[in-house]
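Subject: Model handover

Dear colleague,

Please find the model below. My notes on it follow.

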There are 2 protein chains.
Amino acid sequence: MKLVTRSLALASLSALTLATAQAETIETRWADVDVETVAEGLNHPWGLAFLNDGRMLVTERAGTMRIIEADGTHGEAISGLPEIKVMRQGGLFDVKLSPNYSSDSLIYFSYSEPESEGSEITSTAVARARLEDNALHDLEVIFSQYPKEEGGRHYGGRLTFSDDGEYLFIGLGDRGHRQDDAQTLDKHTGKLVRIHPDGSVPEDNPYVNEEGALEEIWSYGHRNIQGMDIQPSTGHLWAVEHGPQGGDELNRPQSGHNYGWPVITHGEQYGGGEVGIGFKKDDMELPVWHWTPSIAVSGMVFYDGNQFPAWQGNVLATGLRGQQVARLEIDGDHVIHQETLELGQRIRQVQVGPEGYIYLLTDNADGKVLRLSPAE
Amino acid sequence: MKLVTRSLALASLSALTLATAQAETIETRWADVDVETVAEGLNHPWGLAFLNDGRMLVTERAGTMRIIEADGTHGEAISGLPEIKVMRQGGLFDVKLSPNYSSDSLIYFSYSEPESEGSEITSTAVARARLEDNALHDLEVIFSQYPKEEGGRHYGGRLTFSDDGEYLFIGLGDRGHRQDDAQTLDKHTGKLVRIHPDGSVPEDNPYVNEEGALEEIWSYGHRNIQGMDIQPSTGHLWAVEHGPQGGDELNRPQSGHNYGWPVITHGEQYGGGEVGIGFKKDDMELPVWHWTPSIAVSGMVFYDGNQFPAWQGNVLATGLRGQQVARLEIDGDHVIHQETLELGQRIRQVQVGPEGYIYLLTDNADGKVLRLSPAE
């Protein structure tokens with residue numbers, strides 16, 4: 001794979017505006033890919049949703065949410081957000097439109113919710129609200145991780161609706177200092193949670209009838225879920241999570257299954273040293289794929305657009321430290337090939353736009369929205 | 001992964017012999033690996049077997065077979081081989097000891113067998129003979145590909161015995177110019193064949209009762225099988241084969257299954273252009289893993305030694321153009337991670353020695369046997 005920088009000549013240039021849109025082209029096996037910046041000036045953008053009128057909704061980890069216009073400009077932050085504790089990895093996380101957005105105008109978002117004003121004791125929480133013009137109305141917190149925890153790490157925070165819109169999956173983390181809690185069912189930390197969009201608990205969740213277990217839990221043994229998506233061909237949920245040093249994982253989380261953290265992992269402690277008991281244990285799921293060394297996996301999506309026909313059904317997973325998009329070819333529940341697209345920037349999230357282009361968020365204080373399209 | 005060159009001081013140096021054994025160290029995730037040359041001066045070595053007395057048996061594609069002494073020296077070629085047509089990719093291929101070698105002294109080997117003396121019309125054939133001192137006796141051809149074909153490409157040639165020694169698997173190729181024959185059952189080209197060690201056909205082979213089909217066939221739709229091994233934990237056969245441009249494959253060939261060549265592949269014609277109909281088709285198996293771009297996959301083995309505990313059960317697959325060993329972590333029938341060991345030389349075959357060290361053959365006119373051991 002070679003990286004080539006070239007200039008895209010614009011169709012028309014006024015005498016006073018000598019504008020050049022720079023695009024890099026990445027050569028891959030099945031497509032040459034143009035990488036263009038479509039928006040910039042975003043403070044650690046984290047979540048991205050398409051409003052389907054050419055505008056995008058972007059969250060910034062710094063605690064703000066903005067509408068990006070079709071021309072890439074953006075103005076005032078959206079008002080009406082709850083108090084958000086911005087600290088280390090914590091702040092505003094993901095955003096998704098309601099499955100019925102065209103009729104209910106609801107958006108769902110996740111964030112670090114403080115115990116009281118200014119407190120560093122926080123939960124990963126999920127709220128929904130009506131988006132009107134540039135303001136949120138009728139805000140309602142539909143989930144808040146139990147218990148609230150100290151520390152500024154491993155919040156999870158990714159949101160995904162099921163295909164039918166009946167369920168909302170929330171990816172959580174172990175909050176860094178309490179990794180053993182990922183194996184206990186009386187806390188939300190280190191879990192993947194499944195609720196209805198109104199916050200109620202589905203009757204067929206795996207632990208609704210188990211005493212001492214939290215009924216929102218769908219699966220457990222997760223370290224820090226950072227990306228999730230529904231596989232178009234099956235309706236199955238897939239998720240990526242950060243490993244320790246090495247052992248970033250792609251999983252297909254199933255009801256009541258144990259994904260092993262911190263008992264089994266392909267990673268090791270930072271600086272070396274074993275974690276847990278090794279790679280395998282009965283009744284614990286091995287990952288579908290793992291990245292070792294770690295790419296610091298962040299977002300993921302199944303590609304289902306028309307711009308890159310050879311990538312249909314592939315997983316695209318982004319890397320922060322890895323500065324990449326990993327393209328994984330899937331057969332059934334398994335990876336049969338990986339190709340890496342080197343972006344040279346920390347990538348936080350990937351989404352597929354309504355026209356089938358691929359959009360990326362870069363993770364820095366002057367964060368960008370990048371667009372991938374087939375090179376001509 | 002970093003490559004470090006260092007000198008191994010020898011324990012004792014005589015005044016007149018200033019010898020230094022150069023070893024490179026490759027740093028990998030779970031082990032730092034010393035790479036040492038243990039024999040050299042071999043003409044395109046292709047197959048390797050351990051005689052279990054510290055000596056090794058090595059085939060050279062140029063049509064010769066040699067015993068390598070424990071100190072790396074080798075002398076006269078073994079006498080008594082049949083006529084072998086050495087041409088382009090053709091010549092002497094693999095060698096395996098009989099499952100009962102300690103009592104029967106038989107070796108099995110594969111080679112390009114000419115129709116008549118000097119003819120370029122050849123079969124990939126398998127013979128067995130008793131090895132005594134430096135000569136073969138009682139030579140017997142137990143398999144010969146039907147029909148004999150022109151052309152000097154895609155012979156296959158890899159041999160593997162089942163765990164119980166009852167079956168011999170022979171990996172074949174499409175002979176290059178007749179790729180459609182890989183889909184027909186009336187020829188051996190493009191097939192994986194299963195026979196008893198005496199050349200007879202097992203009664204439970206999939207096509208023994210199918211009119212017009214060759215009864216030696218085990219599986220079909222193969223382009224050019226270059227590596228095979230039995231998975232220790234299951235007894236299952238796995239194999240690697242060359243794709244066209246891209247699409248080198250790892251498969252688990254099962255009785256009567258179709259591995260898709262030339263109908264489905266992840267490769268394309270050299271210089272570009274589609275092969276077949278795409279990636280998928282009902283009733284054709286997708287690969288467990290594919291290398292795209294191609295590494296020109298050659299040998300493979302399951303690692304089952306004690307020198308590299310973290311690699312137990314991993315597939316090690318070698319690359320010619322890829323100049324590497326690809327280490328694949330396996331869960332069930334699936335790859336969950338790949339790590340590449342860059343060797344900087346074309347590698348033809350990999351085998352695990354009786355002490356658990358890993359031995360590689362380099363593919364050139366001054367070919368070497370390399371040994372991988374844990375760095376101290």
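Helices (H or I, at least four residues) and strands (E, at least two) are DSSP runs, numbered from the N terminus. By that rule, A:E241 belongs to strand β16 (residues 237-241) of chain A.

Some conventions first. This is a predicted model, in which local features need pLDDT of at least 70 and side-chain atom pairs count only at pLDDT 80 or more, while totals for chains, interfaces and linings use all residues. Residues are numbered from 1 along each chain as its sequence is written, chains are lettered from A and ligands numbered from 1 in the order in which they are written, and side-chain values use heavy atoms, with hydrogens and water left out.

Not counting residues up to four places away in sequence, A:E241 touches several residues, including A:H222, A:R223, A:D248 and A:V297 (contact means heavy atoms within 4.5 Å). A:Q254 is 13 residues from A:E241 along the chain, and their C-alpha atoms are separated by 15 Å.

In strand β19 (residues 297-302) of chain A, 6 of the 6 residues are buried, so this strand is largely enclosed by the rest of the structure. β19(A) runs antiparallel to strand β20 (residues 315-319) of chain A, joined by 4 bridges (two strands pair if DSSP finds at least two bridges between them). In this pairing A:V297 is opposite A:G319.

**Strand β8 of chain B**

Strand β8 (residues 106-114) of chain B is mostly covered, with 9 of its 9 residues buried. β8(B) pairs in the antiparallel sense with strand β7 (residues 92-97) of chain B over 4 bridges, and B:V95 stands opposite B:F109 there. β8(B) also pairs with strand β9 (residues 122-132) of chain B, again antiparallel, over 9 bridges; here B:S112 faces B:T124.

**Cores**

The largest nonpolar core has 32 residues, and those with the most contacts inside it are A:L250, A:W291, B:L250 and B:W291 (a nonpolar core is a set of buried Ala, Val, Leu, Ile, Met, Phe, Trp, Tyr and Cys residues joined through side-chain atoms within 4.5 Å). Apart from it lies another core of 20 residues, among them A:I84, A:V95, A:Y101 and A:A125.

**The two copies**

Chain B superposes on chain A by a rotation of 180° with 0.0 Å of shift along its axis (RMSD 0.0 Å). The two copies are thus related as by a two-fold rotation axis (superposition is by least squares on the C-alpha atoms of residues with pLDDT of at least 70 in both). Of the interface residues of chain B, 100% are also interface residues in chain A, so the copies meet through the same surface.

**Backbone points to check by eye**

Most residues other than glycine have a negative phi, and most peptide bonds are trans. A cis peptide bond joins B:W261 and B:P262, with omega about 0°; B:P262 is in the loop between β17 (248-251) and β18 (289-291) of chain B. The bond from B:T292 to B:P293 is also cis, with omega near 5°.

A:R88 has a positive phi, near 50°, and lies in the loop between β6 (64-68) and β7 (92-97) of chain A. At 61% relative accessibility, A:R88 counts as exposed.

Regards

Methods
Buried < 20%, exposed > 50% of the residue type's maximum accessible area, 1.4 Å probe, protein only.
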